[in-house]
Amino acid sequence: MRPLLLLLTLLMLTIAIAPPANAQDLPQPAAEAAPTAAATPAAPEGPVEVPAPSELALQRYRSGNIIWAINMALGFLIPIVLLTTGWSARLQAFATRVGRYWYFALCIYFVVLVLALTLLELPWAYYTDFAREHAYGLSNQTHAKWIADTLIATALQLVVGLLVIWVPYLLLKKSPERWWLYTGLLAIPFIFFVILVTPIWVAPLFNTFGPMQNKNLETRILALADRAGIEGSRVYEVKKSEDTKTVNAYVTGFMNTKRIVLWDTILQKLDEEELLYVMGHEMGHYMLGHVVKTVFVISATLMLALYLSHRASKWLLHRYGGRWGFHSLAEIASLPLLMLLLQCFSFFGDPLLLAYSRHNEHEADRFGLELTRSNHAAATAFVKLQTENLGVPDPGWIFMAWRGSHPSIGQRIRFMNAYKPWETGEKPAYEHLFQAGGK
Ligand SMILES: [Zn+2]
């Protein structure tokens, strides 16, 4: 299901201050939120110590790794079952009989598959997204909101899927040797379109967005944005407190819809100096064009994955096509095969994409520091991110390689303590971008 969810992930493409806190996890005995070992900075402006992770955070981290491995295995197992049992071929036969026309057959196959997999994964999704988040004391979500969000997400997946699924299959029919190239090229404007409309058409389906409530803070943020060269009207506040207790902020959108969004939870938990640093980090993403650059990197990776799928599928279909009940990628029954191959390539490709993401995050951290020069507030902001989101400061290398979209909190706090080019005489990387005036 994961490659199908790629669509949704693209829809949600945002570049945040912190990785999402609800990485999935195993059933746990409901644990009481133990008081977290908060950092006690030595002096008001001295270096900030990296806090030790709480027992609860460690427990969540360890079981989260197991869940990740199970999800990865499911990503391989589900398409393999669909292929080897002949279910995919049978679903295609059914869809062709009922739909009669090529496009309708495609739609029926797609809808049945998405609904079946969504239902199959529902208990697991309920556990990992809802029950477990509550067990760790990280969620404010009601059952009704979870159900509504799940329905909206599924409907969205179906609508977007039906709008685009015919494109690669038509190309597979018309150009069996070059379909991967055309699909990859068409994906670029499509992804930009999705990013353009997500903040105005998609995100408001899940949460309420509005202008900043704290006008005092807004004035300070606008002054900072001015200095960074950003129109300040691009700052929004989203009511995430109805879903979660975790904190975050992100940059999203493209052209007219490009914006910085602060979760209301982060506004409650961080003080003004810390929030201004978080804004400085987001402004870094904004000014350094990270959303656009990431789209091109993802598109290039997608094209490579499609090409490799094209090559691998020829060999696989030649060998196993008889057993699976179809012989060409151009048949819709090939969808699980494409899912399987994309899962394979993303297993090898994710570490590269994540390394790229960590690089951007580090540069945004640097930009935020050069803009605010608030080393201490930046470091304590990350301490709060760790404690509020039940993070661990220095996860293992497997975690970092396959899930580390951001440098670890420990690395970030140490960088916040150390990076002061205005004192050390080191050459600042981004200061020349800032407008005169302000701080
Ligand atoms: Zn970021």
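## Contacts around Tyr109

Two residues are in contact if their C-beta atoms, placed from the backbone, lie within 7 Å. By that rule, Tyr109 touches Leu91, Gln92, Ala95 and Ile332, leaving aside residues up to four places away in sequence. The model is predicted.

## The chain as a whole

The chain holds 16 helices and five strands. It has 439 residues, and 36% of them count as buried. Take the contacts with a separation of 6 or more: residues 24 or more positions apart account for 79% of them.

The largest nonpolar core has 79 residues. Tyr109 and Phe382 have the most contacts inside it. Helix α12, residues 335-372, supplies the largest share of this core, 12 residues.

A second core is separate and has five residues. Among them are Ala57, Tyr136, Leu138 and Leu390.

## Helix α12 and its end

Helix α12 is not straight: it bends by about 45° at Gly349. A proline, Pro351, follows within four residues of the bend.

Look next at the residue just after α12. Arg373 takes a positive phi there, about 55°.

## Helices α5 and α7

Helix α5 covers residues 143-164, and helix α7 covers residues 179-206. Their axes come within 13 Å and cross at roughly 155°. An angle over 145 degrees counts as roughly antiparallel. The two helices, α5 and α7, are therefore roughly antiparallel to each other. The crossing of α5 past α7 is right-handed.

Which residues meet here? From α5 come Asp149, Ile152, Leu156 and Val164. From α7 come Phe190, Val202, Leu205 and Phe206.

## Helices α13 and α15

Helix α13, residues 375-388, packs with helix α15, residues 409-418. The angle is about 165°, and the axes are 8 Å apart. The pair α13 and α15 is therefore roughly antiparallel as well. Is the crossing of α13 and α15 left-handed or right-handed? The crossing is left-handed.

On the α13 side, the contact is made by Asn375, Ala378, Ala379, Phe382, Val383, Leu385 and Gln386. On the α15 side, Ile409, Arg412, Ile413, Met416 and Asn417 take part. An α-helix has 3.6 residues a turn, so residues three or four places apart point the same way.

Notes
Residues are numbered from 1 along each chain as its sequence is written. This is a predicted model: local features need pLDDT of at least 70, side-chain atom pairs count only at pLDDT 80 or more; totals for chains, interfaces and linings use all residues. A nonpolar core is a set of buried Ala, Val, Leu, Ile, Met, Phe, Trp, Tyr and Cys residues joined through C-beta atoms within 7 Å. A residue is buried if 20 or more other C-beta atoms lie within 10 Å of its own, exposed if 12 or fewer, and partly exposed in between; C-beta atoms are placed from the backbone. The bend at a residue is the angle between axes fitted to the seven residues ending there and the seven starting there. Axes are lines fitted to C-alpha atoms, for helices over the stretch in contact, and angles run from 0 to 180 degrees between N-to-C directions. Angles under 35 degrees count as roughly parallel, over 145 as roughly antiparallel, 65 to 115 as roughly perpendicular and the rest as oblique. A crossing is left-handed if the near helix is turned anticlockwise from the far one by less than a right angle, and right-handed if clockwise.
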